[in-house]
Amino acid sequence: MTKERLLWADDEIDILKPHVLFLESKGYEVTTVTNGIDAVDMCRENDFDLIFLDENMPGLSGLETLQKIKEVRPMVPVVMITKSEEENIMDQAIGAKIADYLIKPVNPNQILLSIKKNLHRKEIETEAVNSGYQQNFGQIGMQINDSLTAEDWMEVYKRLVYWELELETAEGGMNELLSMQKTEANSAFVKFVKRNYVDWIKHPNRRPMMSPDLFKKKIFPALDRGEKVFLVVIDNFRYDQWRSISKYLAEDFTAEEELYYSILPTATQYARNAIFSGLMPNKMAEMFPDLWVDEDSEEGKNLNEEPLIRVHIERYRRKDSFSYHKINESSYGEKLLGNFRQLLHNDLNVIVVNFIDMLSHARTDSRMVKELASSDAAYRSITQSWFRHSSIRDLFRAMAHSGYKVFLTTDHGTICVNNPVKVIGDRNTNTNLRYKLGKNLSYNPKQVFEIRNPAEVELPKLNVSTSYIFAGGRDFFAYPNNYNYYVSYYSNTFQHGGISMEEMIIPFITLQPKGR
């Protein structure tokens, strides 16, 4: 095993000889110099893993030496050691992107800790997180088996996402074990939904919060308290994606996390329209036939969201003023930001953001995007990068200074599918890979959640014999015709419409501006 190489520059290096011997006894190779010029020359001629740099040396100062070392070896971590506790020295050192800052006199364990933080952090963290998940594996398995309620399943999902994010950069095989445990959990979750979904729809007062309940339970009460509200709905936004961007909102907001359930199908036409109308799909189709878009219609499935919000407010005989905006590309967000002050005249501003939904579709259709988002971790990473550099983040900053309460949520999540399930339908059968509806569907009932009577789950019928089927876990529906091509094309793509924790258990985040 190659020894890590350290450079230590200090004009009093002779006094530090015991520290150097201590580090050598720990297996490090230590090179010492007494001034900044020699330190820079050493860096030009040699590769070092870490540099200790005294701030107060004759000739070149520590800060001047640091600047020259950064020009030569920009990636090597530098630890500044100084007698000075002056704030401006610290600020300059931190501004120059030092790895650590130590105040003399330093003891050997301080030095060793700094080395471990900068050279061995990943191995130590990996070992700790792998060990932590290994210890929790059995508990999570018991939690999966014991989950009897919607709230139990929210806790299971939150715990699995926690470990998924913890293990994201770790090595050692625990990711594979977690993936197997998520598959097991989703299998049990599908059975749970099959047992309970019909009852949830029949008895709204006994169910968890679902898509049609959002305005009644969250938005209207906030407005009734005299609060002005921004509601931001990011299409296809999973809980793990929320967790990955939450740090970028922490500068401006405190966040309160809740989870709720999307209705079936977990698709925009159904779930998002249910949010905005406060109605289940069959009620929308009956009460507002001009606003409901059937599966076989050529019309866009989400063109009537603003009028659905309006009739929802009117049904409750409310007088709330509101605006509705949909952001499909960056320029729309920038335009909305430019007109932001106009939004402050409304009680409620609803903003729909479609980037993640477009990303999931692009990933299916584009080989390049498929490579970029090759896994759940990569999918989160692209979401994070988009959010950091998008006009949406600037919109949130503006909201933080507006005095409004901000709710961030979604209509449904998405899941990476890899297991084809054969289904046969006529030419009128819808194209979604996670749910099908039609009058002549042929399938194995053991592989799906079937609804033969759509009225019992408040879904509309296209005709008298319409039935619905839903895929669970990581399944997707494939037709026997051209089966191999179909399976090859759609395997490992992100889809929605069916039953999984990722699609159905979704975030509802309350953001309170800091300083209020």
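A residue is called buried when its relative accessible area is under 20%, exposed when it is over 50%, and partly exposed in between (1.4 Å probe, protein chains only). Helices (H or I, at least four residues) and strands (E, at least two) are DSSP runs, numbered from the N terminus. This is a predicted model, in which local features need pLDDT of at least 70 and side-chain atom pairs count only at pLDDT 80 or more, while totals for chains, interfaces and linings use all residues. Residues are numbered from 1 along each chain as its sequence is written, and side-chain values use heavy atoms, with hydrogens and water left out.

**Exercise 1. The overall picture**

Find how many helices and strands the protein has, and what share of its residues is buried.

Solution. Start with the secondary structure: there are 21 helices and 19 strands. Next, take the dimensions: the C-alpha trace spans about 90 × 55 × 40 Å along its principal axes. Then turn to burial, where 54% of the 516 residues are buried. Finally, look at contacts (heavy atoms within 4.5 Å): among those between residues at least 6 apart in sequence, 74% join residues at least 24 apart.

**Exercise 2. The two sides of α9**

Work out which residues of α9 are buried, and which exposed residues sit on the face turned away from them.

Solution. First, list the buried residues of α9: L214, F215, K218, I219, F220, A222 and L223. Second, consider their directions from the helix axis to the C-beta atoms, which define the arc. These residues cover an arc of only 165 degrees around the axis, so they are on the same side of α9. Third, check the face of α9 turned away from the buried side: it carries the exposed residues K216 and D224. Last, step just past the end of α9, where G226 takes a positive phi of about 85 degrees.

**Exercise 3. Rings and charges**

Classify the aromatic pair of F220 and Y316 as stacked, tilted or edge-to-face.

Solution. Rings of Phe, Tyr and Trp (its six-membered ring) pair if their centres lie within 6.5 Å; planes under 30 degrees apart count as stacked, over 60 as edge-to-face and the rest as tilted. The structure holds 33 aromatic pairs. For F220 and Y316, the centres are 5.3 Å apart and the planes make 55 degrees, which gives a tilted pair. F220 lies in helix α9 (residues 214-224) and Y316 in the loop between α13 (305-315) and β8 (322-327), so the pair ties together parts that are 96 residues apart in sequence. F220 is buried at 4% relative accessibility, whereas Y316 is partly exposed at 37%. Elsewhere, W153, F189, F192, Y197, W200 and Y261 form one aromatic cluster.

R5 lies over the face of F48, 5.1 Å from the ring centre, and K422 lies over the face of Y483 at 4.8 Å.

**Exercise 4. Salt bridges across the sequence**

Decide whether D240 and R380, which form a salt bridge, are buried or exposed.

Solution. A salt bridge is a side-chain nitrogen of Lys or Arg within 4 Å of a carboxyl oxygen of Asp or Glu, and the count comes to 34. In the pair of D240 and R380, the closest N and O atoms are 2.8 Å apart. D240 lies in helix α10 (residues 239-249) and R380 in helix α18 (residues 376-389), so the pair ties together parts that are 140 residues apart in sequence. Both count as buried: D240 has 1% relative accessibility and R380 has 3%. Salt bridges that share partners join E164, E168, K182, R238, D240, D376, R380 and E502 into one network.

Methods: A charge sits over a ring if NZ of Lys or CZ of Arg is within 6 Å of the ring centre and within 35 degrees of the ring normal.
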